[in-house]
Amino acid sequence: MKKKLVWLILGLLLVILLAFLIRDCASEKTGVTDFLKWNFSQKSGLPQYSGTILAGVDAPVEIYFDDYGVPHILAQTERDLFYAQGYVHAMERIAQMDMTRRAIAGRLSEVAGPALVESDRFHRTIGFRRAAERSYAVLSGETRRVLEAYSAGVNDYIEQNRKNLPPEFILLNYAPEPWDPVDSLSIAKMMAWSLGGNMQTELYLAALAGEVGMEKAAELFPAYPEGGPSILGRAWTALDSGAALALIGLCEESVFPQGSPGIGSNNWVVSGRLTASGGALLASDMHLGLDLPSIWYMNYLSIPGLSVTGVMFPGIPGVIAGFNDHIAWAVTNLGPDVMDLYRIEFQAGNDSLYRYNDQWLQAEIIEEVIKVRGAADVPLRIRVTRFGPVVSDVIALPAGELPLSLRWTALEATREAEAMLGMTRATNFAEFRAALRNFEAPAQNFVYADVEGNIGYLGNGRFPIRSESHRAAGNGLLPVPGWTGEYEWTGWVPWEEIPGLYNPPSGLIVTANHKAVDDGYPYFLTYEWAHPSRALSILRELEGKDGLTLEQMMAAQASFYNSHAAQAVPLLAEILREAALGGREREALAILEEWGRNPVESADSAGAAIFHTLYACLAENLFAGQVSEALLGRMIGTSAAVLDRLIQAGQSAWYGDRVLLLAQSLHDAAAMLSETLGEDPARWRWGEIHLLTFKHPLGDSVSKTRYNRGPFPVGGSGSTPAAMGYARRLELPFRVGTGAPWRYVVDLADHTAYDILAIGNSGHIRSPHYADLLEMWLGMAYKPRLFRLAEIKKLGRLLVLEPRQ
């Protein structure tokens, strides 16, 4: 009887467990069978942090893991070093690596089904992998060997773990294919795409001008070429807004979305003569997507004669930002205009022939097949003109609308892989500069510091020179005719004339995506410089001071001071004081005005909540009723710099009375905040409507509770050094999507360094290092970054890769 009772209780418990699992998977929109299979394989593919593994190395490789899962790889040869790096990257991030390369190559549908066909079609049409293949063809033998060694390490991990893959592969019921060097190069191409954005600008501005006319649209241009609409009108034609927005949507839904709000970065260097230690200081925090797992992987690499530490994209060998025995370096996005759209006139009877200078040229035709899990294959026909792929072929164009072809520097053969290897080996500024000659896309602001106390800067990349006709037609702000050679690129900015600094008198170099050159610079780079708010806030912390320390560098990185608000709030308040405001609005204005005297965007700030919500309502009130609903959704995110310019002007084709406009916007903002946070403006809190959730690609579809982390109330915004960027919209809360996945500071007097990665170094949900850095990152805390071999060899966890023979 007792035995039967025990079995009955166990049976009931099993039913209850299954009920909870079914409820969980139902709420997360996945099938019961797949969910159960995933649920009971959570430890499959768990990373190994100690012990011995037989591997394809020529001599033993020691890998010491610190308390946060950062590998310190010690090898005897460069080949073994990069093999081991590939092996460790795969051990920690193979699911992320495989999904990334599939997305880039347009092969997600093979494993995830029909929902991703449109994304695959878009990525194949752009041709990221084709561009990577072109780049591989021009690399040196030495660089190819590094890529091959890295790929061999990844592939050895895959082969050894065919029956022990991470749970993502079990859930989706497939295994990763062998890794190859082009996979690594394609990730670099996609990052160049993510850090670009001018294609979207051209689409948006052409659609806007098509709806409201060029003169009115020009008020919203990031900067307007001298001569105004009459000059632009020479080549400009309307672009259907529906078609433009469809293409913009595909750009934004890419695996690395183009032009995400808050994408950017900060970095700066301080000369040794201004520091307490006498050594040069470097600080870096790159602002990218705050995803799970992180876009970065922390690692230390060492062979006799060379040690380097920093971060790299999982899937690529080396270090993209960090320091070695002699120098330190970091990057921010320069953001030049290196994309142009061309209107293409195809022959009526033959859509592979296009007109150019009174001739009919043959487009390259690429036939591909998109394999789709659970559905029929999808054929794909890609057309490529002399300018580049016909990107508009991925959507249905309205009758009479001419197709668009994209020219972009990163679609050409480039040598960033060689540049990255050269940077890691450089011992002085001359060698660093020589290495960067090969870094062409994406164009970046590189800052440099060395053990001698020197500092430097290079605005590095490949910058097109446009023809006179192109410059007169907007200089890259709008699509131009592709049936004539008048709008071609005529050359490149000479590398010897790219922006650069070395040991400036100020002893301080700051880059934060703001304007890199003054108006005297002889070449055009872009109209779309970031607002200087972050740069101004950093300079506020550091400029005019000496005896600077790493603690002050970290404090500057953690600053929530909004220099844009410091400039904007006084003007807004001056205008609003003329308005007839209700009691709630008067109280909100008083809070905003007081906060504007010291605009720190802490999570508990009422002023920050009012400021950001006011800008959302201001954009809506400016543009609603004047553009289509589809375009209005995009325009809510109009840059604060453009909104400020319209308000400062005092008159505009977009509004009548700016006092009434701002009063209505403040009323609407107060109503939104009251509905969400209560009626008392003094109790409104920025963090309660500004939320960060770290999302895993499978989190929303499989299990938010197991994969995702958050939401967390956070301070800051895209305008503060401690960036927490969000997409402005007319709905609360604002969702933070971008920030600094990795922050680091180093003192080259003795290589003392501190860093922090957003959330954790491992991509495996059962690893102790999946989210062990979360609280430190949220609290703006740092951990030591080990560099000295004596300290590294004291670490308690050692994994050894032993030769198989």
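Asn-513 is located in the loop that runs between strand S23 (508-511) and helix H17 (533-542). The model is a predicted one. The backbone of Asn-513 has a positive phi of about 70 degrees, although this residue is not a glycine.

**Asn-513 and Ser-265**

- With a relative accessibility of 6%, Asn-513 counts as buried.
- Asn-513 is among the residues in contact with Ser-265, once the neighbours of Ser-265 within four places in sequence are left aside. The other partners include Asp-285, Met-286, His-287, Thr-511 and Arg-534.
- Ser-265 belongs to strand S4 (residues 264-270) and is buried, at 4% relative accessibility.
- The side chain of Ser-265 reaches the backbone nitrogen of His-287 at 3.0 Å.

**An open sheet of three strands**

- An open sheet is formed by 3 strands in the order S11-S12-S13, with antiparallel pairing. Its edge strands, each of which pairs on one side only, are S11 (346-347) and S13 (359-362).
- Strand S12 (residues 350-356) pairs with S13 in the antiparallel sense over 4 bridges. Within this sheet, Tyr-354 stands opposite Leu-361 in S13.

**Cis peptide bonds**

- The peptide bond from Leu-292 to Pro-293 is cis, with omega near -5 degrees. Pro-293 is part of the loop between strand S5 (281-289) and strand S6 (297-303).
- Ala-441 and Pro-442 are also joined by a cis peptide bond, with omega at about 0 degrees. Pro-442 occupies the loop between helix H15 (429-436) and strand S17 (444-450).

**Aromatic pairs and a cluster**

- The count of aromatic pairs comes to 32.
- The ring centres of Phe-323 and Phe-787 are 5.0 Å apart and their planes are at 40 degrees, so this pair is tilted.
- This pair links distant parts of the chain, 464 residues apart: Phe-323 is in strand S8 (residues 321-324), and Phe-787 is in the loop between strand S29 (783-784) and helix H27 (789-792). Both Phe-323 and Phe-787 are buried.
- The rings of Phe-346 and Tyr-354 have centres 6.1 Å apart and planes at 65 degrees, so the pair is edge-to-face. Phe-346 is buried, with a relative accessible area of 14%, and Tyr-354 is buried at 3%.
- One aromatic cluster is made up of Trp-329, Phe-429, Phe-432, Phe-439, Phe-446, Tyr-448 and Tyr-502.

**Arginines over aromatic rings**

- Arg-386 lies over the face of Tyr-356, at 4.2 Å from the ring centre.
- The charged end of Arg-462 is placed over the ring of Trp-492, 3.8 Å from the centre of that ring.

**Helix H23**

- In helix H23 (residues 640-649), the buried residues are Ala-640, Val-642, Leu-643, Asp-644, Leu-646 and Ile-647.
- These buried residues pack against helix H19 (563-576), helix H21 (606-623) and helix H24 (658-677).
- Gly-650 follows H23 and has a positive phi, near 85 degrees.

Methods:
Residues numbered from 1 in each chain as written. Predicted model: local features only at pLDDT ≥ 70, side-chain atom pairs only at ≥ 80, totals over all residues. Heavy atoms only, no water. Pairing = 2+ DSSP bridges. Helix = DSSP H or I, 4+ residues; strand = E, 2+ residues; numbered from the N terminus. Buried < 20%, exposed > 50% of the residue type's maximum accessible area, 1.4 Å probe, protein only. Polar contact = N/O pair within 3.5 Å; in protein donor to acceptor, adjacent residues only side chain to side chain. Contact = heavy atoms within 4.5 Å. Phe/Tyr/Trp six-rings, centres within 6.5 Å; stacked < 30°, edge-to-face > 60°. Lys NZ or Arg CZ within 6 Å of the ring centre and 35° of its normal.
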